[in-house]
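Notebook open, model loaded. I want to go through the fold piece by piece and jot down what turns up.

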Amino acid sequence: MKRIIVGMTGASGAQLGIAVLRALAAAGGVETHLVMSDGAKAVLARECAESLEEVEALADAVHDNRDLAAPISSGSFITDGMIVAPCSMKSLSAIANAYDDDLVVRAADVSMKEGRRVVLVPREMPLNRAHCRNLSRCAEDGYAIVAPMLTFYNGCETTEQQVDHVVGKVLMQFGIEYERFRPWAG
């Protein structure tokens, strides 16, 4: 059984986090722990048909972002790592600087210090120099950056297929196959 933390922050693209949660549930053998920032909840209400309750129901456990005493804030709570999707530039900056002011950032920091995989799915465009510095810093520190960039080589024709491609790339970081992912066929 794998145990993965899913963080959702206040960038456009709440659908990415929802798709990750659904894919992990469908994969089987994965226990998910969800933590959402207030910004993520606001974006969810604007962008998605799913309610907060429906999204939370996709996870095995839900943690309050203000609860820095939650189990996922400790390295002794064993996980396989964390996915932050979407990852806002605010959260990216906090993660890059280990500014553990909320549970999303603390859980990412703890996962990284314990040598666990942390995948960031940054959502912003265009990127300014500060964004690029923070992305570079995170990459240098060992975070996996899976930017949700458009894919054309595999015949994606819809937004849903583009999201599936990103989700497949994210899950690959944990050795989890995603049936809706269309890899390069050569």
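Before anything else, the cut-off I need: I call a residue buried when its relative accessible area is under 20%, and exposed when it is over 50%. I also remind myself that this is a predicted model.

**Entry 1: A59**

I started with a loop residue. A59 sits in the loop between helix 3 (52-56) and strand 3. Is A59 buried or exposed? Its relative accessibility comes out at 12%, and with the line drawn at under 20%, A59 counts as buried. I then looked up what A59 touches: leaving aside neighbours within four places in sequence, A59 is in contact with L21, T32 and L34. I also checked A59 against I18: the two are 41 residues apart in sequence, yet their C-alpha atoms are 9.8 Å apart in space.

I find six strands in an open sheet, ordered 3-2-1-4-5-6, with parallel pairing. Which strands stand at the edges? Strand 3 (61-64) and strand 6 (144-145) do, and each has a single partner strand, so one side of each is left without a neighbour in the sheet.

I went along the pairings next. Strand 1 and strand 2 pair in parallel over seven bridges. Within that pair I noted I4 opposite T32 of strand 2, and M8 with M36 as its bridge partner in strand 2. On to strand 3: four bridges join strand 2 to it, again parallel, and L34 stands opposite V62 there.

How enclosed is strand 2? Six of its seven residues are buried, so strand 2 is largely enclosed by the rest of the structure.

**Entry 2: helix 2**

I listed the buried residues of helix 2 and got A40, V43 and L44. They cover an arc of only 105 degrees around the axis, which puts them on the same side of helix 2. On the face turned away from the buried side of helix 2 I see the exposed residues D38, A45 and R46. The cover over the buried residues of helix 2 includes strand 1, helix 1, strand 2 and helix 3.

**Entry 3: the cores**

I looked up the largest nonpolar core and found 35 residues, with M8, L24 and I83 having the most contacts inside it. Which elements give two or more residues to this core? They are strand 1 (2-8), helix 1, strand 2 (30-36), helix 2 (38-47), strand 4, strand 5 and helix 7. Helix 1 supplies the largest share, eight residues.

Not counting residues up to four places away in sequence, I83 touches I4, I5, V6, G7, V20, L24, V119, V170, L171 and F174. Apart from this core lies another, of 24 residues, with F77, A94, L103 and C138 among them.

**Entry 4: helix 7**

Buried in helix 7 I count Q162, V163, D164, H165, V166, V167, G168, V170 and L171. Their cover includes helix 1 (14-27), strand 4 (81-87) and strand 5 (117-122).

**Entry 5: two serines**

Last, a pair of serines. S73 is in the loop between strand 3 and strand 4, and at 8% relative accessible area S73 is buried. Not counting residues up to four places away in sequence, S73 touches L68, L103, R106 and V110. S91 belongs to helix 4 (residues 89-96) and is buried too, at 7%.

How values were computed: Residues numbered from 1 in each chain as written. Predicted model: local features only at pLDDT ≥ 70, side-chain atom pairs only at ≥ 80, totals over all residues. Heavy atoms only, no water. Buried < 20%, exposed > 50% of the residue type's maximum accessible area, 1.4 Å probe, protein only. Contact = heavy atoms within 4.5 Å. Core = buried A, V, L, I, M, F, W, Y, C linked by side-chain atoms within 4.5 Å. Pairing = 2+ DSSP bridges. Arc of directions from axis to C-beta.
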